[in-house]
Amino acid sequence: MIIPHAKPGTSVQNITGEWKAYMPVVNGDKCIKCGICQNFCPEGIMGEVKRIPEIDYEYCKGCSVCANECPVKCIEMRRVEQD
Amino acid sequence: MIKTVEGARVLAEAAVACRLDVVACYPITPTTHLTEELNQFYADGRIPEYLTVEAEFSAISALIGASAAGARTFTTTGGQGLLYMHEPLFSAAGMRLPIVMLVGNRAVSSPLNIWNDEQDTISQRDTGWIQIYCRNNQEAVDSIPQAFYVAEKILLPVMVCVDGHYLTHAVEQVDVPDEKLVQGFLPPYKYPLKLDPQNPVSLGVYANPTHYQTFREDVVADMEAAKEILVEAGKKWGKLTGREYGLINAYKVKDADRVLLSVGSVMDNVVMVVDELREKGEKVGALHLRVLRPFPREEIAKALEGKKVGVIDRDLSIGAQAPIYLEIAEALNGKGAQVSSFYGGLGGRGVKRVHIRELFEKLRKGPVKQWITTEPPKAAMKG
């Protein structure tokens with residue numbers, strides 16, 4: 001008998017990264033560190049502004065907002081192959 | 001104490017004897033009188049909290065909150081009201097909340113109809129609620145404390161299903177258990193994980209693909225385990241009152257070659273016809289499916305092996321076979337039984353003794369699937 005419940009702060013255990021069909025890959029040479037992708041990312045998982053994005057793929061759902069917003073188009077959405 | 005009283009009113013007495021903490025109802029025919037009576041009990045101080053809500057969806061949602069906060073909760077509805085509760089019914093079961101609801105079975109729209117059949121509760125059979133069907137008001141009154149007993153032990157909600165008008169509005173003699181007896185039967189309610197600001201938890205929240213099915217598997221396993229507790233509750237109640245209950249009620253089935261099976265008040269008519277035909281030497285029997293969920297598959301198979309069985313469905317699954325028939329046919333698959341399906345008696349077209357005699361006759365021949373052709377009431381024929 002299990003009562004489905006969650007204690008505060010446990011939502012981080014819901015790893016959402018496996019939802020993605022495409023993953024963002026950043027070309028660091030082209031990046032101008034403008035911070036737009038980091039501010040637009042709905043999950044807040046692209047690291048700090050004024051630095052090249054460091055993506056937490058465990059939570060990145062692959063929504064493509066970063067790639068869409070990047071002014072220099074240095075983010076490529078690459079197909080994720082699944083079994 | 002034996003009283004001669006209207007069904008809906010005595011059902012409220014049985015509910016209050018369970019010492020309810022919170023009641024939330026939206027009145028609807030055929031259980032309006034039950035709602036009225038609960039209101040009176042609130043006014044008299046016998047129910048601490050009564051929420052007047054704007055709809056059935058709110059009634060059951062309010063009780064989900066109250067139950068999670070540790071309250072013993074009760075509501076009543078029927079027909080469209082029950083359909084309006086459909087979504088939160090799943091939530092109540094999934095959150096493992098032991099809410100008890102008295103349903104006055106009523107036909108569903110459209111066309112609009114306030115009279116009786118079992119379409120409303122049959123349509124909720126997959127929600128995860130335990131379903132108990134009653135043949136008469138005595139069974140209904142006895143089933144309410146048992147419903148709380150089972151619900152609070154296995155942590156699943158229970159529907160006690162009573163035929164609208166045929167029972168809710170019937171005035172008959174009922175032995176009403178007093179509060180002391182009920183309290184001796186029913187332990188105090190203690191939800192193991194109640195909502196409490198000192199120890200915050202979220203209930204009924206999101207579950208990923210990783211976890212979701214695990215919870216559903218658990219509900220399925222516990223629904224199966226509820227059978228044992230239902231039998232235990234029925235026996236315990238029998239010791240206190242002399243009226244014992246089980247998952248099914250088999251009447252003269254053992255040596256019968258033909259048996260009619262159904263849920264609800266129609267079974268009392270079947271029992272009367274069985275007595276009548278037995279006097280003529282016909283080997284017939286009646287089986288009341290008291291508990292539809294959890295479905296007593298093994299008990300059915302054991303009782304009806306090798307017999308000619310007729311299933312009366314006062315409900316439909318439009319585009320497929322009648323719902324109760326399908327489950328009985330599956331339970332008796334490979335058991336040498338011959339199962340017939342009779343469906344009808346909808347929206348207040350009574351299945352009377354005269355029709356039941358016909359059904360027993362039809363069972364003699366090969367398996368049939370057909371409408372129960374009952375006559376429209378006489379008043380309708382005048383126009």
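How many residues does the contact take from chain A, and how many from chain B? The contact takes nine residues from chain A and 17 residues from chain B, where two residues are in contact if their C-beta atoms, placed from the backbone, lie within 7 Å. This is a predicted model, in which local features need pLDDT of at least 70 and side-chain atom pairs count only at pLDDT 80 or more, while totals for chains, interfaces and linings use all residues. Residues are numbered from 1 along each chain as its sequence is written, and chains are lettered from A and ligands numbered from 1 in the order in which they are written.

- Strand β1 (residues 5–6) of chain A runs antiparallel to strand β9 (residues 202–203) of chain B and is joined to β9(B) by two bridges, and two strands pair if DSSP finds at least two bridges between them.
- Within this pairing, Ala6(A) is placed opposite Ser202(B) of β9(B).

**Chain A**

- Chain A has two helices and three strands, in the order β-β-α-α-β from the N terminus; helices (H or I, at least four residues) and strands (E, at least two) are DSSP runs, numbered from the N terminus.
- The radius of gyration of chain A is 15 Å, whereas a compact globule of 83 residues would have one near 12 Å; the radius is taken over C-alpha atoms, and the globule rule is 2.2 Å times the number of residues to the power 0.38.
- Along the principal axes, the C-alpha atoms of chain A fill a box of roughly 55 × 30 × 15 Å.
- Among contacts in chain A between residues at least 6 apart in sequence, 66% join residues at least 24 apart.

**Seven-stranded sheet of chain B**

- An open sheet with mixed pairing has seven strands in the order β3-β2-β4-β5-β7-β6-β13 (chain B), and its edge strands, each pairing on one side only, are β3 (49–52) and β13 (291–293) of chain B.
- Strands β2 (residues 22–25) and β4 (residues 73–77) of chain B pair in the parallel sense over two bridges, with Val22(B) opposite Thr73(B) in β4(B).
- Helix α7 (residues 137–154) of chain B packs on this sheet, touching β5 (100–105), β6 (130–133) and β7 (158–163) of chain B, and its direction makes about 170° with that of β7(B); axes are lines fitted to C-alpha atoms, for helices over the stretch in contact, and angles run from 0 to 180 degrees between N-to-C directions.

- Four bridges join the parallel strands β11 (residues 258–262) and β14 (residues 308–313) of chain B, and Leu261(B) stands opposite Val311(B) in β14(B).
- The axes of helix α10 (residues 266–279) and helix α13 (residues 353–364) of chain B come within 9 Å and cross at roughly 65°.
- Asn269(B), Val270(B), Met272(B), Val273(B) and Leu277(B) in α10(B) meet Arg353(B), Ile356(B), Arg357(B) and Phe360(B) in α13(B), a contact with six nonpolar, one polar and two charged residues.

Technical notes:
Nonpolar A, V, L, I, M, F, W, Y, C, P; charged D, E, K, R; others polar.
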